[in-house]
Amino acid sequence: MFRFLSLCVAFSLSGAPGFAVDLEAGKKLARKCSSCHGKDGIGRDPEMPNLAGQSAFYLEKAIKDFQTGAREDRRMTLIVKSLSDEDVKNLAAWFASFKVTVEPPE
C-alpha cells in the first residue's frame, strides 16, 4: 500500500506525460496571486487561503474547478480562466514546493 501511495505522489508531482513542471514559470505566474495570497503564498487577509505548502494535486483541482465553474469566486475565475493545463501544473508545483512548518501551541 505504501508503495502505491508513493507512486501516486511521485506521479502527481512529476506532471503529466509530455512535459515536466517548470518552477520558474510557476514563480512568474504566481505574481498574479500575490496581491491576495501574499508574495510567499501566505494570505494576509483572513478570507484568503494560504497556498504555500499545499499539495500540487489539491491546487490543480482547485484551479480547474474555478475554470469550469465548479467553484465560484469572481476574482479567481477572472485570473485563472486563461491558464493552460501546463500553466496550472507549473503554478501548483510552485506553491507546493514551499516548505511550511507548524509549531503546536504550548
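The protein has six helices and zero strands. Along the sequence the pattern reads α-α-α-α-α-α. Helices here are DSSP runs of H or I with at least four residues, strands are runs of E with at least two, and numbering starts at the N terminus. This is a predicted model, where local features need pLDDT of at least 70 and side-chain atom pairs count only at pLDDT 80 or more, while totals for chains, interfaces and linings use all residues. Residues are numbered from 1 along each chain as its sequence is written, and side-chain values use heavy atoms, with hydrogens and water left out.

**Burial**

The protein has 106 residues, of which 28% count as buried. Buried means under 20% relative accessible area, exposed means over 50%, and partly exposed lies in between (1.4 Å probe, protein chains only). The areas come from the Shrake-Rupley method.

**Salt bridges**

A search of the whole structure finds five salt bridges. The criterion is a side-chain nitrogen of Lys or Arg within 4 Å of a carboxyl oxygen of Asp or Glu. Three of these contacts can be described here.

K61 and D65 meet through their side chains, with N to O at 2.8 Å. Both residues belong to helix α4. They are four residues apart, about one turn of the helix. K61 is partly exposed, because its relative accessible area is 46%. D65 is buried, because its relative accessible area is 17%.

D85 and K64 form a salt bridge at 2.1 Å, N to O. D85 lies in helix α6 (residues 85-96) and K64 in helix α4, so this pair ties together parts that are 21 residues apart in sequence. K64 is partly exposed, with a relative accessible area of 28%.

D73 pairs with R75, and the closest N and O atoms are 3.6 Å apart. D73 has a relative accessible area of 25%, so it is partly exposed. R75 also has a value in the partly exposed range, at 37% relative accessibility.

**Aromatic cluster**

W94, F95 and F98 form one aromatic cluster. Rings of Phe, Tyr and Trp (its six-membered ring) pair if their centres lie within 6.5 Å; planes under 30 degrees apart count as stacked, over 60 as edge-to-face and the rest as tilted. By this rule there are two aromatic pairs. W94 and F98 have ring centres 5.2 Å apart and planes at 85 degrees, so the pair is edge-to-face. F95 and F98 make a stacked pair, with 6.1 Å centre to centre and 25 degrees between the planes.

How buried or exposed are the members of the cluster? W94 is buried, with a relative accessible area of 17%. F95 is buried too, at 2%. F98 is partly exposed, at 22%. F98 is found in the segment after α6.

**Contacts across the sequence**

| Pair | Separation in sequence | C-alpha to C-alpha distance |
|---|---|---|
| L59 and K89 | 30 residues | 8.7 Å |
| F57 and A96 | 39 residues | 8.9 Å |
| F98 and D40 | 58 residues | 8.3 Å |

L59 counts as buried, because its relative accessibility is 6%. F57 is exposed, because its relative accessible area is 57%.

**Positive patch**

Which residues form the positive surface patch? K27, K28, R31 and K39 form it. Patches are made of residues with over 30% relative accessible area and no salt bridge; like charges are joined within 9 Å, and nonpolar side chains (Val, Leu, Ile, Met, Phe, Trp, Tyr) within 5 Å. Lys and Arg count as positive and Asp and Glu as negative, while His and the chain ends are not counted. The place of a charge is NZ of Lys, CZ of Arg, CG of Asp or CD of Glu.

Where does K39 sit? K39 is in the loop between α3 (34-37) and α4 (56-68). K39 counts as exposed, because its relative accessibility is 79%.

Conventions. Areas by Shrake-Rupley, 256 points an atom, 1.4 Å probe, with all protein chains shown as cover.
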